[in-house]
Amino acid sequence: MKTLTTTDALAQFCTEAREHPYVTIDTEFLRERTYYSKLCLVQLAMPGETDDNAVLVDPLADGMSLEPLYELFRDTSVVKVFHAARQDLEIFFVEAGVFPEPLFDTQVAAMVCGFGEQVGYETLVRRIAKGSVDKSSRFTDWSRRPLSDAQKTYALADVTHLRKIYEFLAAQLVKSERTHWVQEEIGILTNPDTYIIQPENAWKRVKTRTTSPKFLAIVRELAKFREAYAQERNVPRNRVFKDDALVELASTKPRNIGDLGKSRLLLREARKGDIADGILRAIAAGVNCPADDMPRVPRKDDKLQVNPALADLLRVLLKAKTETSGVAPKLIASASDLDALASGQRDVAALSGWRREVFGDDALRLCDGEIALAAKGAQVVAIKL
């Protein structure tokens with residue numbers, strides 16, 4: 001197993017990789033103690049039947065620059081193959097502002113090819129590559145050096161089996177004429193907005209039972225401060241203060257350091273210094289928020305007026321379409337998509353791109369009374385009215 005520890009060695013590998021149609025890529029990282037993932041290892045493999053064309057890249061080695069890898073990412077003549085690429089792409093986007101182009105995600109491709117929703121790498125290794133993956137090193141500390149032989153073997157397997165998986169799935173997509181389906185999904189993965197968390201929107205992830213606009217204004221300001229603080233200092237947001245403490249603070253509305261000391265849930269480190277000052281400023285901003293700027297959640301009577309019978313018919317149609325297409329139902333349309341359609345809304349993901357081709361057009365016809373559903377043997381079919 002070859003481990004590259006110098007920029008020159010990485011550049012030589014990347015130069016060789018440009019002579020091939022694709023390269024498989026994976027990463028190992030840590031995120032428990034930081035806001036952003038800490039890249040600890042990069043695995044690369046060129047086409048081939050052995051491990052000779054596969055390497056480990058140590059980004060923690062002294063003087064190592066990943067710029068040769070980023071140059072390979074920008075080379076559009078070489079397909080960059082990942083499995084479940086989202087976290088890997090976030091690392092490279094945060095580190096260098098670059099996305100691999102063109103990109104192929106075998107998890108997305110496998111879903112389109114009928115392997116189910118969010119299919120795991122081990123499943124594809126077993127079913128396509130007819131191999132197995134030793135999982136014993138999955139949860140090790142990848143930042144520690146030296147890496148053990150077991151760690152290296154585990155890491156390398158993430159890109160060597162991936163070659164056969166990619167070749168098989170790419171061929172299946174061409175055969176089924178579904179390559180453009182995957183490309184649409186890749187467009188989401190390579191959109192910077194997928195990875196940029198705006199502090200002002202962080203409150204939407206906080207679960208609360210209270211929907212009072214004034215209360216939510218304080219929640220919004222506290223979540224905004226916490227997210228910005230965590231990003232700036234690269235620490236996990238829960239190390240600043242946890243959600244339950246945030247909700248408590250929004251309820252009790254402490255005005256000074258003394259009041260903060262009475263919190264049951266606030267970490268000791270957050271009761272003083274910059275965090276304490278930020279908390280008090282955020283609460284004051286939320287308390288003094290103008291009424292027209294307060295966040296609001298839909299009231300019960302504002303919710304979708306769903307036609308329950310039509311929603312049930314749409315679910316039957318979706319099941320029929322998934323059986324004929326072999327694509328996981330949740331990849332085509334979510335439950336909220338179906339309810340939105342049954343309430344008359346048309347701005348839903350199921351009505352765009354390849355989803356419309358597979359399901360959306362007939363869903364609209366069903367909603368408009370242009371088709372009916374009938375049982376034909378073991379299948380459900382659409383009948384034009």
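Predicted model: local features only at pLDDT ≥ 70, side-chain atom pairs only at ≥ 80, totals over all residues.
Residues are numbered from 1 along each chain as its sequence is written, and side-chain values use heavy atoms, with hydrogens and water left out.

## Overall picture

The protein has 16 helices and eight strands; helices (H or I, at least four residues) and strands (E, at least two) are DSSP runs, numbered from the N terminus. Its C-alpha trace spans about 70 × 65 × 35 Å along the principal axes. Of the 385 residues, 45% are buried. Here buried means under 20% relative accessible area, exposed over 50%, and partly exposed in between (1.4 Å probe, protein chains only).

The accessible surface comes to about 20,100 Å², and carbon and sulfur atoms own 48% of that surface. These areas come from the Shrake-Rupley method with a 1.4 Å probe, and for residues only the protein chains shown count as cover. Among contacts with a separation of 6 or more, 62% join residues 24 or more positions apart, where contact means heavy atoms within 4.5 Å.

For the charges, Lys and Arg count as positive and Asp and Glu as negative, with His and the chain ends not counted. Each charge is placed at NZ of Lys, CZ of Arg, CG of Asp or CD of Glu. The mean positions of the 54 positive and 55 negative charges are 7 Å apart.

## Helix H7 and its cover

Which residues of helix H7 (residues 179-189) are buried? They are Trp181, Val182, Glu185, Ile186 and Leu189. These residues cover an arc of only 135° around the axis, which puts them on the same side of H7; the arc is that of the directions from the helix axis to the C-beta atoms. An α-helix has 3.6 residues a turn, so residues three or four places apart point the same way. The cover over the buried residues of H7 includes helix H3 (86-96), strand E6 (103-105), helix H4 (106-112), helix H6 (149-176), helix H14 (329-332) and helix H16 (353-367).

## Aromatic rings

Rings of Phe, Tyr and Trp (its six-membered ring) pair if their centres lie within 6.5 Å; planes under 30 degrees apart count as stacked, over 60 as edge-to-face and the rest as tilted. By this rule there are 13 aromatic pairs. Two of them are set out here.

| Pair | Centre to centre | Angle between planes | Type |
|---|---|---|---|
| Tyr35 and Tyr36 | 4.8 Å | 75° | edge-to-face |
| Phe225 and Tyr229 | 5.7 Å | 50° | tilted |

Tyr35 is buried at 7% relative accessible area, whereas Tyr36 is partly exposed at 26%. Phe225 and Tyr229 are four residues apart in helix H8 (residues 213-233), and are therefore separated by about one helical turn. Both ends of this pair are covered: Phe225 is buried with a relative accessible area of 15%, and Tyr229 is buried with 14%. Elsewhere, ring pairs link Tyr22, Phe104 and Tyr166 into a cluster.

## Three buried residues

Arg226 also lies in H8 and is buried, with a relative accessible area of 3%. Beyond its neighbours within four places in sequence, Arg226 is in contact with residues including Val206, Arg237, Asp243 and Leu246.

Trp203 sits in the loop between H7 and H8, and is buried at 13% relative accessible area. Not counting residues up to four places away in sequence, Trp203 touches Val219, Arg220, Ala223 and Pro295. The C-alpha atoms of Trp203 and Leu216, 13 residues apart along the chain, are separated by 8.2 Å.

Ser37 belongs to the loop between strand E2 (22-30) and strand E3 (38-45). Ser37 is buried, with a relative accessible area of 12%.

## Backbone spots to look at

Most residues other than glycine have a negative phi, and most peptide bonds are trans. The bond from Glu101 to Pro102 is cis, with omega near -10°, and Pro102 is in the loop between H3 and E6. The bond from Arg145 to Pro146 is cis too, with omega near 0°.

Gln118 has a positive phi of about 50°; Gln118 lies in the loop between H4 and H5 and is exposed, at 57% relative accessible area. Lys253 has a positive phi near 50° and is partly exposed, at 37%.
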